[in-house]
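Biologist: I'd like to learn how to read a model like this one, feature by feature. Can you put it up and walk me through it?

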Amino acid sequence: MDKKLFTPGPLTTSLPVKQAMLRDVGSRDKEFMETVRFIRRKLVDIADPGQSGKFTSIILPGSGTYAIESVFANVIGNAKCKALILSNGAYGDRMAAICKQANYSYDHLKFPENDYLPLDKIKVHLQTHGQSYSLVSFVHSETSSGVINPLEELSSLIKQYTGAYLFIDAMSSFGAVPINMSTTNIDFLVSSANKCLEGVPGFSYIICQIEALQACKGRCLSLSFDLNEQWHGLEVNGQFRFTPPTHALLAFKRALIEYDEEGGLEGRKSRYMNNCDIIKSGMKQFGFQQFLDEKTHHGYIITSFNYPNDSNFEFNKFYALLSDRGHVLYPGKVLSANCFRIGNVGRLYADDCQNMLKDVEKVLVEMGVTMERRQDG
Ligand SMILES: *Cc1c(COP(=O)(O)O)cnc(C)c1O
């Protein structure tokens, strides 16, 4: 049996999702084109529950970062316009790295990693500079720490003080945290196959307002990233311009069927919340402290835990011993503290979380780590 992945992706997937890949289908085959149509329609349905009809979806081969890069390439590209990146973690910083490398014009406002993006400070900045931006972007669920930024409040601030397109990295929230692209006025949103929709890695997707996409036509300086061209191919003849990740798409169709069977967003959200509660309270009883203030943060995708204050604790050893027992955790990704992360997304159930916790307890004993155990959690 494979190890269970308590990570931010790739994730543990179901057996039928893996089995769906045991086929070879031609990229121009009717069945495959139906699969692509099904996936594209379903993504829009999840993003726009009110079915406003304003949105479309574009599938792009590559991991999530490729989709992020494609949005900057299409909205900024060769246009003489500027992006604003709001970040409170490593994934927000990655957006700035993309703009820096491509030499796009951008401002990067960096905020502390252990809290929400601050509405008051952002408002002050937007009041004086808001009109200078053509694109404002931030990460919805900062997978580096577990913070879920306040999407509605941020989007209404941005709409109030700028005329910019709004771009959300919803990589680790889409499908499990409610997002309504229409009511929150999101123009571009990206996520990838191997996050909360529980597919296998291989492609990412962009969901966008059709008008915004078309308005950016001609700006992209990359052939592969040109979203209008990619969209045109998918719309006109149901084809990818270049080799599609056929197996990953077959798996994703199956994953979307399972998503519906689980009760869609509500079903997935409640399983993830339950997993996360089990992990947080179990770790608390062992004496671990969360990196985020547990009173104000209720993210349910991934949790960062501080290293315990015990010289016998060594993360690499802890990781290896748990991995030997079949549970894969993840190193920290915040710069300001020594943390590790436990994700609770993917095909994981309450039993899997409880089994992992039992092994954490054994590994702590084996390592001789003693913490003050707390019974209040
Ligand atoms: C996973 C993830 C990404 C994309 O990372 P890739 O390694 O390119 O798949 C981007 N942003 C966030 C918030 C993520 O969780």
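Biologist: Why are arginine 37 and glutamate 34 separated by about one helical turn?

Modeller: Helices here are DSSP runs of H or I with at least four residues, strands are E runs of at least two, and both are numbered from the N terminus. Arginine 37 and glutamate 34 sit three residues apart in helix H2 (residues 30-47), so about one helical turn lies between them. Their side chains form a salt bridge, with the closest N and O atoms 3.1 Å apart. That term means a side-chain nitrogen of Lys or Arg within 4 Å of a carboxyl oxygen of Asp or Glu.

Biologist: Before we go on, what should I keep in mind about the source?

Modeller: This is a predicted model: local features need pLDDT of at least 70, side-chain atom pairs count only at pLDDT 80 or more, and totals for chains, interfaces and linings use all residues. Residues are numbered from 1 along each chain as its sequence is written, and side-chain values use heavy atoms, leaving out hydrogens and water.

Biologist: Which residue does lysine 42 form a salt bridge with?

Modeller: Aspartate 260, with 2.8 Å between the closest N and O atoms. This pair links distant parts of the chain: lysine 42 is in helix H2 and aspartate 260 is in helix H9 (residues 246-261), 218 residues apart. Lysine 42 counts as buried at 15%, while aspartate 260 is partly exposed at 40%.

Biologist: And where do lysine 82 and aspartate 107 lie?

Modeller: Their side chains meet in a salt bridge at 3.3 Å, N to O. Lysine 82 belongs to strand S3 (residues 82-87) and aspartate 107 to strand S4 (residues 105-110), which puts the partners 25 residues apart. Both come out partly exposed: lysine 82 at 25% and aspartate 107 at 23%.

Biologist: How many salt bridges does the structure hold?

Modeller: There are 21. On the charge count, Lys and Arg are positive and Asp and Glu negative, with His and the chain ends not counted. The protein chain has 40 positive and 41 negative side chains, and the centres of the two sets lie 3 Å apart. Each charge is placed at NZ of Lys, CZ of Arg, CG of Asp or CD of Glu.

Biologist: Now the whole chain: what radius of gyration does the protein chain have?

Modeller: The value is taken over C-alpha atoms, and the globule rule is 2.2 Å times the number of residues to the power 0.38. For 377 residues a compact globule would be near 21 Å, and the protein chain has 21 Å, so the two agree. The chain has 12 helices and 14 strands, and 58% of its residues count as buried.

How values were computed:
Buried < 20%, exposed > 50% of the residue type's maximum accessible area, 1.4 Å probe, protein only.
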